[in-house]
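Open the structure in your viewer and keep the selection panel at hand. We will go stop by stop.

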Amino acid sequence: MSKVKTHKVIGLRSTRLSIVLFLFFILLSNQFEPYNQSQLANIAMLLIAVLSITLLTGASGQISLGQGAIMAVGGYSSALLVTRLGLSMWLSFILAIFISALFGLFLGLAAARLSGPYLAGTTLVMALAIPSIAVRFETFFSGDVGISVDYGMPPKWLTNLIGEVSIEEWSLYVVLPFTAVALFAVLNLSNTRTGRTWRAVRDNEVAASLAGINIARTKVIVFVCASGLAGLAGALYGFRGLVAPSVYPTDLSLTLLTAAVIGGLRSIGGAIFGTFVIVFLPDLIEKVTGKLAIPETIGIYLPALTIGVLLLLTVILNPRGAAGALEHIRHKKKH
Amino acid sequence: MNLRKPLILTVVASALVGSLAISSVSATAASDPGVTSSEIVLGMQLPQTGAASPGYNKVDDAARAYFDYVNSKGGVNGRSIKLVVKDDTYKAGLTISTASKLINEDKIFAFFGSIGTQTHVSIIKDINRRKIPDIFVNSGYSGFYTDPKKYPTTFGGLGTYTVEAKILGKYLKEKYADKKIGILYQSDDFGRNALAGFTAAGLKFEAKKTSASFVAGTQGSLGLGTQIGQLKANGVDIVIIAAVSSATAVAYATASALAYKPTKWAVISVGADATTFQTILGAKGVPAATSAAMLAGTISASHAPAPGDATDEYVTAFKKINEDFNKGVDKRWDNNIMQGMNIAYLATSALMGVGKDLTRAKLIAYLENNGSKLSSAAFAPLGYSKSTHEAFTGFWLGEYDATTLLAPIDGKRVVYTTDSGTGEVTVSNYKRTAIAADALPKVA
């Protein structure tokens, strides 16, 4: 009975937090002009991918440098389902989750045998190789040129209901429900027995094994869940205009990992914070460099440089990221 | 793994502070964004950094230099022209974000001179559905321009790759009938468009033998050893390159390392800029004299005068403006700067032509109705009409000499013209209008 109650409490809490996030984004979007609304939509879709790293690396301790490649799997799946089979965009997003999860299953079967730098290396190779597959099988995947897809125009029923809706707002409205559901799923997974099992594997595989946890199966399950999330993010990301190899470059994987590390690998709140940083920080830097009249040749490198320095400082001074630092401050205040 | 309250508050606060800092206030009073009584704002996207940037990252500085010159002379109908530039590093994912920024934050009136076929594919549909003029795109991909019903606001800024390849292909087929001709192309719309043009000219390539391709942007990281090795192994005498300048430089350096000496290289114009070629090889330790010798004899094409042609009046005028107004880091005079200046000259002409009452719709209508009459440095006429938005419809062929000057083949410049379809290649009778003494366009 108590177990059921605990699940209920966790479920309610996850629902509440997901709704808070949903409303928070809507509130922000009402304050924003269209460009920042589109950035908000970017955050909403990239957050799903960063959450996949929070699960994979933060919860289960498996390093992936190839989440961008799994995003590509989701992007191509949904784009092909829409353009070749004429499926609706919405259905294609859902199917992209399953196709990417299936991909994650195969990846997980191989990855369960690897750990540390070997796993990082394998996933990095995947990040490099998957975009090349699109070029190698050009007829099917449209090669370098890619597949043109978008969210379309806001439907009439929506504009009749709430008035004029910009293209940017519409993209946010499409993405946001998926982000809220993804957050709900990750919160639930993390706070229930499943999440505790993953953390046990992360902290000490031998101890977890002695406690009756099937290590290999657990690792595969995490890969499947994380890949489903990354695939969904990739599908949403592709529908901004194009699904092509240059939309999912290797540095996308590294950017996602950077967001997770800066925010705190083991924290969902940290994932949200980190995603805001990687999307909005370059804009802020551009604003500042514009006002300070910093030469263009230096200014164009500053965003990447700043994020790189921030990442290094986080790893050296505060490996638990922004979330860890906050927790530390809270802990200090209590005592 | 709990989302704690303080963290939520921090995230909310950061986002709100960030959003307040970032949100920009529009000061546009005119009916269309980007036009006020004193200013016209144009937006450009190009690779300022990254593998594809060498050479192309000079085009924006050149265009801005010309606009600054125009502004110094009073602007266009009393309005100064402002050029806002975004670096997309030649990655489509970033192009989508930077386009959104130009449209929504910088409130541009029109996209101008954006560089990159692959990257432009990602935004062209969105730009057109918003009815934003997308003028003088620095891509020769014919698919952007030959169907104005599909992309009504997009106009070319280069001759199409198909037109250039048809003209170059016809020459190579006739001149080197007894030689084995092969091609190295980047596997995107640029490369494929050029390949289609060469094929239309009657050249035949065999996949994996006389035809080699690579993924655009990988020339620096992966190199072109496999592709050049393949052409060498198959005894290709004449190597055509349809790729960006950085790839051309890598291809030549690779051939040199493999001791492969084709009888002739023939390079599509956007990949044959001598300065870019020498700069890239210079960074690899190749002395300027050696790289000049490597380039010597290469066949290429151009719609405009060769940058090194000191006798050309447009070259002289643009060169002076470049010296006086270009604030870029690398303002060495070359093809890229020439192209930047020329499309800025064209944009000034079109904006003058529309008149004081400037709107997006009027600019598009003006280009469709009068665009073909606009003059520029090019020796070939503009093709703009209601049925096509192709820019320069002709090219002349030249060969690089030992001083890296593209000199007309056989000493006489003959401009050939054709279309992006199945039309014949013929000699053009177009006579270029002389540039005015003040180097400003004179539009009726």
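How many residue pairs are in polar contact between chain B and chain A, with both at pLDDT 80 or more? The count is 13. Keep in mind throughout that this is a predicted model.

**Stop 1: the interface**

Select the side of chain B that touches chain A. The elements that give two or more residues to this side are helix H1 (5-22), helix H2 (59-72), strand E2 (80-87), helix H3 (92-104), helix H4 (117-129) and helix H6 (189-200) of chain B. H1(B) gives the most, with 13 residues. Now color this side of chain B by class: 18 residues are nonpolar, 17 polar and 17 charged.

Show both partners next. In chain B, 52 residues are in contact with 56 residues of chain A. The area buried between the two chains is about 4,800 Å². Carbon and sulfur atoms give 59% of that area.

Zoom in on the charges. Between chain B and chain A there are 9 salt bridges. One to display is Glu105(B) with Lys287(A), where N to O is 3.8 Å.

**Stop 2: a salt bridge within chain B**

Over all chains, the structure holds 30 salt bridges. Pick Asp419(B) and Lys166(B): this pair forms a salt bridge, with its closest N and O atoms 3.2 Å apart. Asp419(B) sits in the loop between strand E13 (415-417) and strand E14 (426-427) of chain B, and Lys166(B) in helix H5 (residues 161-175) of chain B, so the pair ties together parts 253 residues apart in sequence.

**Stop 3: annotated segments of chain A**

Take two of them in turn. Residues 220-239 of chain A are 95% helix and 0% strand, and their end C-alpha atoms are 29 Å apart. Residues 259-281 of chain A are 83% helix and 0% strand, with end C-alpha atoms 11 Å apart.

**Stop 4: confidence**

Color by pLDDT and start with chain A. Its mean is 87, and 98% of the residues score at least 70. Confidence in chain A is lowest in helix H14 (residues 296-299), at a mean of 74, and highest in helix H3 (residues 67-83), at 95.

Chain B has a mean pLDDT of 90, and 93% of its residues reach 70 or more. Where is confidence lowest in chain B? Look at H1(B), at a mean of 43. Strand E3 (residues 110-112) of chain B is highest, at 98.

Finish on residues 1-30 of chain B. Here pLDDT stays under 50, and the model has 68 contacts beyond four places in sequence for this stretch. Where pLDDT is low, predicted coordinates should not be read in detail.

Key:
Residues numbered from 1 in each chain as written. Chains lettered and ligands numbered in written order. Predicted model: local features only at pLDDT ≥ 70, side-chain atom pairs only at ≥ 80, totals over all residues. Heavy atoms only, no water. Contact = heavy atoms within 4.5 Å. Buried area = accessible area lost by both parts, 1.4 Å probe. Salt bridge = Lys/Arg side-chain N within 4 Å of Asp/Glu carboxyl O. Polar contact = N/O pair within 3.5 Å; in protein donor to acceptor, adjacent residues only side chain to side chain. Helix = DSSP H or I, 4+ residues; strand = E, 2+ residues; numbered from the N terminus. Nonpolar A, V, L, I, M, F, W, Y, C, P; charged D, E, K, R; others polar. pLDDT = per-residue confidence, 0-100.
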